[in-house]
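Open the model in a viewer and keep the selection tool at hand.

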Amino acid sequence: MRTLRVAAGAAGLALMGVGVSLLTDLRELPDVLVWLGGAIALHDVLIAPVVLLVGFTLVRGGVRGPVRGALLVAGALTAVALPVLLRPGKKANPSVLPLDYPRNWLVALAVVASVTAVWLAGRKVRDRRRRPVA
Amino acid sequence: MKLSVTPPVFRGRLHDARTATSIGRWLGTAFVVCFVTGLISHFTQHPPGWLANSLPSRPSWGYRLTQGLHVASGIAAVPLLLAKLWTVYPRLFAWPPVRSVRHALERLSVAMLVAGAVFEVATGLLNTVQWYPWPFSFVPVHYAVAWLVVGALVLHIAVQATEIKAHWSRRSPGTLALPAEDASDRRSLLAAVGAAVGAVTLTTVGQSFTPLKDFLLFAPRHPDKGPQGLPVNRTAVAAGVGRLHEEEYRLVVAGPRPYTLSLDELRALPQHEVELPIACVEGWSKSAHWTGVRVADLLERAGAPEHARVRVVSLQLRGGYRVSEMGHNHARDPLTLLALRLNGAELDPDHGYPARLIAPNRPGVLQTKWVGRLEVLA
């Protein structure tokens, strides 16, 4: 196990070395470093605190599971949709970004909200049925 | 005055090793798939010398599958990466921040992993919508950082091997040592992450996996939208071609016995129909019916040696990928055509009228349009 770990660690370092050597060959290295640092800052300073705050505020009590699920799915869909929603500038041709993305985003959020509502209602009915028996 | 800095307190109960291991298994898988398919794409487009004449032309759907997987696994990594980083976020505030040289190096490697992972997923996603807000060129940087990320990932797994093993399954000793009352909440969180992966996949994957095209909400392409029901990247206008005049068009085949053909002469040669996909590096792909002359027949007539490579030159005036090359596997494959027709009709100018290359297992950017010249290389 230990030998395997050391070998894997060395392999990882070697692969990172390939990346570093490819990066140092680039004239644009300083710009890339700024963007790599920016990626950390974007997540650690902005995304993570906002997600934690939303979770702290909304994900509570007996409905925490479904609410968290809904927020997670809606958040992931929004993250993936951001580029198609926000891309500025002229498109190369009409077959690029051909869909009505703002409408699709609202449809997706509505579907997530409906599925969650049905799920919560179903849970409530199930709990009520169980209670008299218990 | 004594300056006191207190790290934040996280009361959430699922920032634990079992949650991190569970999500990490899926995230690691997505990254490995993304890396391997990315390498395939890179070497297909920029083959080193020893590979240039031995790239396989089969399976005909090979590049469609690998590049579809590349983009799909990258999109699936969005919720997985965010969930994984949420799980381990409290470790960012570990106190004291650095305990030893080893600990410092370990944290540095994690920082490189996080930076590279967020960078790769974000730049890749933006590239699929042709949005380039950064001051560097996408391909070499995305390629270089991919090696950095996969290396940092392997190193991370080696460093955390004991923890990963202890929390690998629900019944692993480390998992059993965690508070039992968290198990159902953790299952609910993991199910939600799985649902998020399913949702982002379902709403984008139809751009290459066409049976799911009716669920497309957020893909930058729809396989049916474009001239002749097929998406386009560079139009004839963008390439500076316009509509070429039929009488003026000539195909030059340069080889041991060079010759020139008019469009009518090309049409009079034996025509073959093939079903092949256009598979773009940006992730979309669509299969279509192409009719035209076999490149192998054209090469035979020019007296090209069996193992010769071929250069395909476009009549386009602007933009990259004016010239593409192919090895003998592609050049001699009976599916490789100089196509004149698409889905039963003459090619649209945007699809390369009057003649374009269509070959199996090949990225869309190398399916040269508006072909004016084939050169047999030594």
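Predicted model: local features only at pLDDT ≥ 70, side-chain atom pairs only at ≥ 80, totals over all residues.

R13(B) is partly exposed, at 46% relative accessible area. Its salt-bridge partner is D182(B), with the closest N and O atoms 2.7 Å apart. R13(B) sits in the segment before helix 1 (17-45) of chain B and D182(B) in the loop between helix 7 (173-177) and helix 8, so the pair ties together parts that are 169 residues apart in sequence.

Next, select R102(B) and E106(B). Their side chains meet in a salt bridge at 4.0 Å, N to O. Both belong to helix 4 of chain B, and because they are 4 residues apart, about one helical turn separates them. R102(B) is exposed at 59% relative accessible area, while E106(B) is partly exposed at 24%.

Move on to E346(B) and R267(B), a salt bridge whose closest N and O atoms are 2.8 Å apart. E346(B) is in strand 8 (residues 345-346) and R267(B) in helix 9 (residues 263-268) of chain B, so this pair ties together parts 79 residues apart in sequence. E346(B) is partly exposed at 32% relative accessible area, and R267(B) is partly exposed at 30%. Then highlight R309(B), R311(B), E325(B), R373(B) and E375(B), which salt bridges with shared partners join into one network. Over all chains, the structure holds 18 salt bridges.

Now select K286(B), in strand 4 (residues 285-294) of chain B. Is K286(B) buried or exposed? K286(B) is buried, with a relative accessible area of 16%. Its side chain makes a polar contact of 3.2 Å with the side chain of D224(B). Show the residues around it: beyond neighbours within four places in sequence, the contacts of K286(B) include R64(B), P223(B), G229(B), L230(B) and L276(B).

For the cysteines, select C34(B) and C280(B). A disulfide would need the two sulfur atoms within 2.5 Å. C34(B) is buried at 18% relative accessibility, and C280(B) is buried at 3% relative accessible area. The count over all chains is 0 disulfides.

Zoom out to the whole of chain B. Its C-alpha trace spans about 85 × 45 × 45 Å along the principal axes. Chain B has 11 helices and 10 strands, and buried residues make up 54% of its 378 residues. Of the contacts in chain B with a separation of 6 or more, 69% are between residues 24 or more positions apart.

Finish by showing chain A together with chain B. Here 68 residues of chain B are in contact with 55 residues of chain A. The two chains bury about 5300 Å² between them, 77% of it on carbon and sulfur atoms. There are 2 salt bridges between the chains. One of them joins D185(B) to R68(A), with the closest N and O atoms 2.9 Å apart. Color the elements that give two or more residues to this side of chain B, among them helix 3 (62-88), helix 4 (101-128) and helix 5 (138-159). Helix 5 supplies the largest share, 14 residues. By class, the side of chain B that touches chain A has 51 nonpolar, 13 polar and 4 charged residues.

Definitions and conventions: Residues numbered from 1 in each chain as written. Chains lettered and ligands numbered in written order. Heavy atoms only, no water. Buried < 20%, exposed > 50% of the residue type's maximum accessible area, 1.4 Å probe, protein only. Contact = heavy atoms within 4.5 Å. Buried area = accessible area lost by both parts, 1.4 Å probe. Nonpolar A, V, L, I, M, F, W, Y, C, P; charged D, E, K, R; others polar. Polar contact = N/O pair within 3.5 Å; in protein donor to acceptor, adjacent residues only side chain to side chain.
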